[in-house]
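Take a look at the sequence and the 3D view below. We will walk through them together, beginning with a term that helps us read the contacts.

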Amino acid sequence: MPRDRFNAFLHPDLEPIVGSSGPLTGVEIAVKDNIAVANWPLTAASKVLEGYQSPYDATVIARLKDAGATLVGKTNLDEFAMGSSTENSAYSPTKNPWDEERVPGGSSGGSAAAVAADLCDVALGSDTGGSIRQPAAFCGVTGLKPTYGTVSRYGLVALASSLDVVGPLARSASDVEKVFAVIAGRDEHDQTTFDYTYEPVEVNWSELRVGLPKELWELGIDPEVEAATQKFADWLSGKGATVKEVSTPTAHQALNAYCVILPAEASANVARFDGIRYRASIGDGSLTDRYRQTRALFGQEVKRRILLGTYALSVGHYDEYYQLALRVQAQIRREYDQVFKEVDVLMNPTVPTPPFKFGEKAKDPVAMYQSDLLTVPANLGLVPALSLPVGFTDSQLPIGAQITAHKMRDNLVIAIAKAYQAETDYHMQKPQGTTNG
Amino acid sequence: MTQVTPEEIRHLAGLSRLKLSETEVARLGHDLPRIVEFVDGLRQVPLTDEPLIGNTVPLEALRADEVSTGGLTLSQLQHLAPGWEDNQLVVPAVFGEESDAA
C-alpha cells in the first residue's frame with residue numbers, strides 16, 4: 001500500500017498478501033500494526049519495536065488468509081494502543097478523512113481512516129476501552145468490539161490482557177459480520193477463548209426491547225450527537241421495538257476504574273521491552289542502564305501509563321485503587337446481568353462529541369481519556385458493542401451510535417445495524433476527495 | 001488535590017525502569033495528580049458487599065497439557081537476532097564488572 005495522504009498506513013513498501021480461496025476471496029483487509037503478520041513489520045507505532053518483524057501470524061491473520069482475504073498493509077495507531085486520537089503514534093498522527101484538521105480517533109485511527117477513505121474494504125482493530133468503536137464513530141464507519149473471548153488475542157501486542165479484543169471495522173455491518181464470522185472461535189493459543197461459532201439472526205422487532213441507559217445519556221453529550229442518536233432511537237421505535245430508559249448505575253464510573261486497571265496491566269505487559277529481547281537497544285553500561293535507556297524511547301503517554309500502573313500497584317495504593325477498581329468492574333458486570341434481563345440491547349452515543357482538532361486535548365490527559373467515557377463500560381463488562389454511523393453534524397462530521405448486548409449476542413447488534421443500514425445511507429457516504437467522494 | 005512530588009515521580013520511574021528528563025518529571029508531576037484525582041471518583045461508587053468475580057477461565061484449563069506446535073526455525077531466529085555469529089545469538093553484554101544493584 002503506497003503512502004496515503006492521511007497517514008492511515010505505515011510501512012508503505014509492503015506487498016499485499018493474497019490468501020487461499022474462501023469466503024473472503026477478493027476482500028482487501030488492512031491490519032492494525034499491533035497484530036502480527038508473519039514477515040511483516042510489527043511496530044505497535046513505537047520506536048521500541050522499530051525494525052522488528054513478526055516471525056509468525058496472529059491467529060486472526062491465519063484465519064483471514066485461510067478464508068482467502070487479501071492483506072493490503074498495516075495501519076497506524078496510538079503507540080501500543082494507548083490513546084484516543086492516534087496523536088501518540090511515533091510515526092506521526094493519522095488525519096481524519098472527513099476533516100484533515102481533526103483526529104480520526106484512536107487507538108485504531110489508521111484502520112478507521114483507511115476504511116473511510118476507501119483504501120481497503122475492511123480493517124482489523126483492537127479494542128481495550130473503545131479503540132475500535134470510538135474511531136469508527138469519528139470516521140463514519142462501522143466497528144465491532146466482540147464479546148471478550150470470542151476472538152483470539154494470540155499475536156496481538158498486549159495492552160490490558162483482561163480486556164483486549166480484536167475486531168473488524170468496515171463501511172457496512174454486513175462486511176463486519178463476514179470478517180467476524182471468520183476470525184471468531186476457540187484457539188488453543190489463547191485460553192481465554194471458548195467454543196463459539198457465529199450464527200446470524202433476524203431481528204424480531206415486535207419483541208426487541210431497547211434500553212437507553214440514562215446515566216450515560218446524562219454525561220454532557222454534544223447536542224448534535226444527542227439529536228442524531230435520538231433519531232436512531234426513534235427509528236428503532238418505528239420498527240416496532242420497545243424503547244425505554246433503563247438504569248445502569250455504575251456504568252458512568254467505568255472510566256475511573258479503567259484508568260486504574262489498564263495502566264496496571266499495561267505497565268506489566270510492556271516490561272518485556274527491555275533492550276534485550278527486541279531490536280531496539282541503547283546503552284553500554286549495566287543491565288539496568290540499558291533497560292532504562294532503551295525504554296526512554298517510549299512516548300509520553302506510554303511513560304505516563306507505566307508510572308500510573310506502578311503507582312496503582314505499589315504498596316499503600318494496591319487496596320486503595322486496584323482492588324477498588326476490580327470491585328467496581330465486578331459491580332458493572334452484575335449490573336449488565338441485571339439490565340439484560342430487562343432489555344435485549346442498550347443504545348447510546350458512541351462518543352460524547354464529534355471528532356476534535358489535533359492538539360485540542362493533548363495537554364489534558366483526563367479530557368482525552370473522557371473521549372472513551374461511553375465505550376469503556378462494555379470492555380469492563382466483557383460484552384459485545386458495535387458503533388454505526390447515524391448522522392452528521394452541520395459541518396459534515398460523522399456521528400456514531402453504540403449498540404451493546406449481553407455476552408455472545410454479537411449477532412444481535414450486527415443484525416440491528418444491518419437492518420438500519422438497509423434503510424439508510426450514512427454508512428455509504430464518503431469524504432470529499434476520496435474515491436467517489 | 002493529591003500531591004505527587006518530583007521525588008515520588010523519580011522513585012516510580014526507578015521502579016518502572018524508566019529514564020526521565022527533568023522536563024518529563026515536571027510534566028508528570030503536573031499530570032499524575034489530576035489523573036489520580038479523577039480516579040478518586042471511584043470512592044463515590046456505592047459498592048455492594050458481593051465478592052469479586054473470579055477468573056472466566058477454569059483453573060484446570062490453565063493446567064491442561066499444552067500441545068506443542070513447534071517454535072521458530074533457525075532461519076527465522078537468525079533473521080530476528082540483533083547479531084549472529086558461529087550459530088549463536090549475539091546480544092548486548094550486560095553482565096560486566098559493574099554492579100547492577102539498582
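Predicted model: local features only at pLDDT ≥ 70, side-chain atom pairs only at ≥ 80, totals over all residues.

A salt bridge here is a side-chain nitrogen of Lys or Arg within 4 Å of a carboxyl oxygen of Asp or Glu. By this rule, 26 salt bridges turn up over all chains.

Residues are numbered from 1 along each chain as its sequence is written, chains are lettered from A and ligands numbered from 1 in the order in which they are written, and side-chain values use heavy atoms, with hydrogens and water left out.

Let us begin with chain A. Chain A has 13 helices and 12 strands; helices (H or I, at least four residues) and strands (E, at least two) are DSSP runs, numbered from the N terminus. The radius of gyration of chain A is 20 Å, close to the 22 Å that the globule rule gives for 437 residues, so chain A is as compact as a globular protein of that length. That radius is taken over C-alpha atoms, and the globule rule is 2.2 Å times the number of residues to the power 0.38. Along the principal axes, the C-alpha atoms of chain A fill a box of roughly 70 × 55 × 45 Å.

Now zoom in on a few details. A:Asp33 forms a salt bridge with A:Lys74, with the closest N and O atoms 3.0 Å apart. This pair links distant parts of the chain, 41 residues apart: A:Asp33 is in the loop between β3 (28-32) and α1 (59-66) of chain A, and A:Lys74 is in strand β4 (residues 70-75) of chain A. Further along, the peptide bond from A:Gly106 to A:Ser107 is cis, with omega near 10°. A:Ser107 lies in the loop between β4 and α2 (109-116) of chain A.

Next, see how the chains meet. In total, 53 residues of chain B are in contact (heavy atoms within 4.5 Å) with 54 residues of chain A. B:Leu18, B:Phe38 and B:Leu42 supply 13% of the area that chain B buries against chain A, more than any other three residues; buried area is the accessible area (1.4 Å probe) that two parts lose on being put together, summed over both. Between them, the two chains bury about 5,100 Å², 63% of it on carbon and sulfur atoms.

B:Glu24 forms a salt bridge with A:Lys303, the closest N and O atoms being 2.6 Å apart. On the side of chain B that touches chain A, the largest share, 10 residues, comes from α2(B).

How confident is the predictor? The complex gets an ipTM of 0.90 and a pTM of 0.93.
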